[in-house]
Amino acid sequence: MASGEENILSDSCRNYNAEEFPAGLRVLAVDDDPCYLSVLEKMLRDCLYQVTTCDRAKDALSLLEEDKNKFDLVISDLHMPEMDGFQLLEMMELLDIDVPVVIMSVDDQKEVVMKCILKGACEYLAKPLQMETIKFIWRHVFRKKQKCLKESEKSTESVVNGDNSQLKTI
Amino acid sequence: MDTVTQLQRQLVDYTNSLFLEGFLNEQFNQLQQLQDESNPDFVVEVVSLFFQDSERLLNELAKILEQKNIDFKKVDAHVHQLKGSSSSIGAQRVQRVCIAFRNSCEEKNIEGCQKCLQHVKYEYTHVKNKLETLFKLEQQVLAAGGTIPMY
């Protein structure tokens, strides 16, 4: 890739080491259950992901607000006191924090799963998670990166093809 | 049979019985597989968190169910938490009673809830004793110079 093209790619597409991927994936894990949070953290670390844990959705949201490019993926419990998984999804959408979110729960009711997906979760997983599931969680990040790349290529193309409609008038 | 082998055999038999009798399920195996050289006490640490959390939740539940006006939403929230943490270590019997408990909550059945509380306390105490015995047996194997067999 020519360096000129690289510069056009948005920062959010290039915040991981592509060679190591998915090792080094930066995951934010949220769960008010200290027992499960330590199990999840161990599983994520065993996948060579970089893990940050929070026991409250509010704290997770603060970290994401501070710098959304600090994390590649959020994995969050659904039912938590104060702020739950639904509210976290809503707030992330409001604040335009487009990091992929995986929701997990012991609750497996169809309506609950549907509500999560409608609110923007990219995946819903039943607790307790299996190692096999955690191993492939990176695919949501990969999908998003690809989407990002395609969108960047499109806007590059339109500039190169002399389509100035995208450019703001100064 | 030397001491170490005997102790190891005892440990394996005891562990198998916990699975056969439904105290523990596959999730407990997952915990054991996560234990490694860099986290040699992982299982004990996670199970200790489960004990702490459960005791807190059971105390809260007892308090709430003693009230004149029972806040069933609170009861349900606590039982949901207990269901979650018991499922994270594979404490199957506790998890099952939690399911029945949540049904009683939904029906706002006071007597049902009180019975479930007694039942879940019983199952919790039972699995706690079993796990403490398991950890003691593991310590005995290690003290005798053996290693914990992979199940």
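**Before starting**

Residues are numbered from 1 along each chain as its sequence is written, and chains are lettered from A in the order in which they are written. Because the model is predicted, local features need pLDDT of at least 70 and side-chain atom pairs count only at pLDDT 80 or more, while totals for chains, interfaces and linings use all residues; side-chain values use heavy atoms, with hydrogens and water left out.

**Stop 1: the interface**

Display both chains and select the residues where they meet. Here 19 residues of chain B are in contact with 16 residues of chain A; contact means heavy atoms within 4.5 Å. The two chains bury about 1,500 Å² between them, 63% of it on carbon and sulfur atoms. Buried area is the accessible area (1.4 Å probe) that two parts lose on being put together, summed over both. In chain B, select Gln30(B), Leu34(B) and His80(B): these residues lose the most area to chain A, together 31% of what that side buries.

Next, select Asp36(B) and Lys42(A). They form a salt bridge, and their closest N and O atoms are 2.8 Å apart. A salt bridge is a side-chain nitrogen of Lys or Arg within 4 Å of a carboxyl oxygen of Asp or Glu, and the rule finds one across this interface.

Now colour chain B by helix. Helix H2 (26-34), helix H3 (42-66) and helix H4 (72-89) of chain B each supply at least two residues of the side that touches chain A. Helices (H or I, at least four residues) and strands (E, at least two) are DSSP runs, numbered from the N terminus. Which helix gives the largest share of this side? It is H4(B), with eight residues. By type, the side of chain B that touches chain A divides into seven nonpolar, nine polar and three charged residues. In this scheme Ala, Val, Leu, Ile, Met, Phe, Trp, Tyr, Cys and Pro count as nonpolar, Asp, Glu, Lys and Arg as charged, and the others, Gly among them, as polar.

**Stop 2: His80(B)**

Select His80(B), which is found in helix H4 of chain B. UniProt, in an unreviewed entry, places the feature "modified residue: Phosphohistidine" at His80(B). UniProt positions are given in the numbering used here, feature names are shortened, and annotations may be inferred rather than shown by experiment.

Is His80(B) buried or exposed? His80(B) counts as buried because its relative accessible area is 8%; buried means under 20% relative accessible area, exposed over 50%, and partly exposed in between (1.4 Å probe, protein chains only). Not counting residues up to four places away in sequence, His80(B) touches His79(A), Val106(A) and Arg102(B).

**Stop 3: Asp77(A)**

Turn to chain A and select residues 26-142, which UniProt lists as "domain: Response regulatory" in an unreviewed entry. Over these residues the chain is 44% helix and 21% strand, and the end C-alpha atoms are 13 Å apart.

Within that range, select Asp77(A), which lies in strand E3 of chain A. The UniProt annotation "modified residue: 4-aspartylphosphate", from an unreviewed entry, covers Asp77(A). Asp77(A) is buried, with a relative accessible area of 3%.

**Stop 4: backbone details**

Most residues other than glycine have a negative phi, and most peptide bonds are trans. From Lys127(A), step to Pro128(A): the peptide bond from Lys127(A) to Pro128(A) is cis, with omega near -5 degrees. Pro128(A) lies in the loop between strand E5 (123-126) and helix H6 (131-135) of chain A.

Glu82(A) has a positive phi, near 65 degrees. Glu82(A) is in the loop between strand E3 (73-77) and helix H4 (85-94) of chain A, and is exposed, with a relative accessible area of 56%.

In chain B, Lys108(B) has a positive phi, near 55 degrees. Lys108(B) lies in the loop between helix H5 (92-106) and helix H6 (110-143), and at 57% relative accessibility counts as exposed.

**Stop 5: inside chain B**

Finally, select Ala91(B), in the loop between H4 and H5 of chain B. At 1% relative accessibility, Ala91(B) counts as buried. Beyond four places in sequence, Ala91(B) touches Phe23(B), Phe50(B) and Ser86(B).

Ser86(B) lies in helix H4 of chain B and is buried, with a relative accessible area of 0%.
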